[in-house]
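Biologist: I would like to learn how to read a ligand site and a nonpolar core. Where do we start?

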Amino acid sequence: MLDILEVSKNFYHRESGQEFQVLCDLNFRINEGEFVCLLGPSGCGKSTLLNLAAGFIKPSAGRLIFQGREINAPGPDRAVIFQDPTLFPWLTAIQNVEFGLQNAGVSKNERHLKALQSLQRVGLENCADVRPHALSGGMRQRVSLARVLVLEPALLLMDEPFSALDENTRERLQDELLRIWLADRKTILFVTHNVDEAAYLADRVLVMGPAPMSLVTEVRVPLQRPRRRSAFEIQNITDRLRMELGRQPCCIPVQKRSHGNENNQT
Ligand SMILES: Nc1ncnc2c1ncn2[C@@H]1O[C@H](COP(=O)(O)OP(=O)(O)OP(=O)(O)O)[C@@H](O)[C@H]1O
Ligand SMILES: [Mg+2]
């Protein structure tokens, strides 16, 4: 489904004239229908990897292969959900959901119906005509989810989507996401720095080390769903994840290079 093959990413900082390695020789595969969490400390390069998978930026070395094709641009088959919902403030919830369908040339009636169904899936059909400013943070994030689900992407790339929410809302949205995932079996790559979230959601957790990010280990979570957050087995997994997060990865050293007129993304 998604193959990350010897991927490295460097950023050139013009101000200091130095090149920083953010990702270091990453190799892993995500299988179709899997729910994979990418767990790592702040600043280690998780969003950078997601941006590569989305096709927003290119790797400095290595390749990302999605469904047999090399990723070199964004595409409707890969949807991204960011930490902060990025809705158009002048559009209502349903118009926000319809927007991508309009771009895809779907007829007015059909896109209205599909958008309404998508809002239903996230429990927001009663807020279809409300603008984002009148929605709570959790509701805005649910509209974001409805907006990408309506496009039926094969891969959902989620970048700490619930981390700005209070604990209750976060847990509710985690459950909603799991309910949708169990119904659809979409492939999900979910970035988090929260061990509890990773253990509760994932089939498999990829534990990353500090920048330059490389894979420390992977931890499988072979527990059936629905899971109980307080279950002994979940606690065992979170303990293991905490311990693995503390381990240092083995990595090649950062190299300094001289540059001419390059921009800051190499
Ligand atoms: N476009 C860019 N140009 C230069 N440096 C960048 C760029 N994007 C990210 N970086 C650097 O790469 C490193 C990793 O950033 P990234 O956002 O991927 O981390 P993260 O793991 O997502 O962190 P967080 O958990 O805080 O969101 C940081 O040091 C950041 O400053
Ligand atoms: Mg990030």
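Modeller: With a term: a polar contact is a pair of N or O atoms within 3.5 Å; within protein, one must be able to donate a hydrogen and the other to accept it, and residues adjacent in sequence count only if both atoms are side-chain atoms. Here a nitrogen atom of ligand 1 is 3.0 Å from an N or O atom in the side chain of His13. For Thr48, the side-chain N or O atom is 2.6 Å from an oxygen atom of ligand 1. This is a predicted model: local features need pLDDT of at least 70, side-chain atom pairs count only at pLDDT 80 or more, and totals for chains, interfaces and linings use all residues. Residues are numbered from 1 along each chain as its sequence is written, and side-chain values use heavy atoms, with hydrogens and water left out.

Biologist: Which residues surrounding ligand 1 are the closest?

Modeller: A residue is near a molecule if one of its heavy atoms lies within 4 Å of it. Of the 14 residues that surround ligand 1, the closest are Ser42, Gly43, Lys46, Ser47 and Thr48.

Biologist: And how do I read a nonpolar core?

Modeller: Nonpolar side chains tend to be buried together in soluble globular proteins. A core is a set of buried (under 20% relative accessible area, 1.4 Å probe, protein chains only) Ala, Val, Leu, Ile, Met, Phe, Trp, Tyr and Cys residues joined through side-chain atoms within 4.5 Å. The largest one has 50 residues, and Phe35, Phe190, Val205 and Leu241 have the most contacts inside it. Another core, of 30 residues, lies apart from it and includes Phe28 and Leu64.

Technical notes: Chains lettered and ligands numbered in written order.
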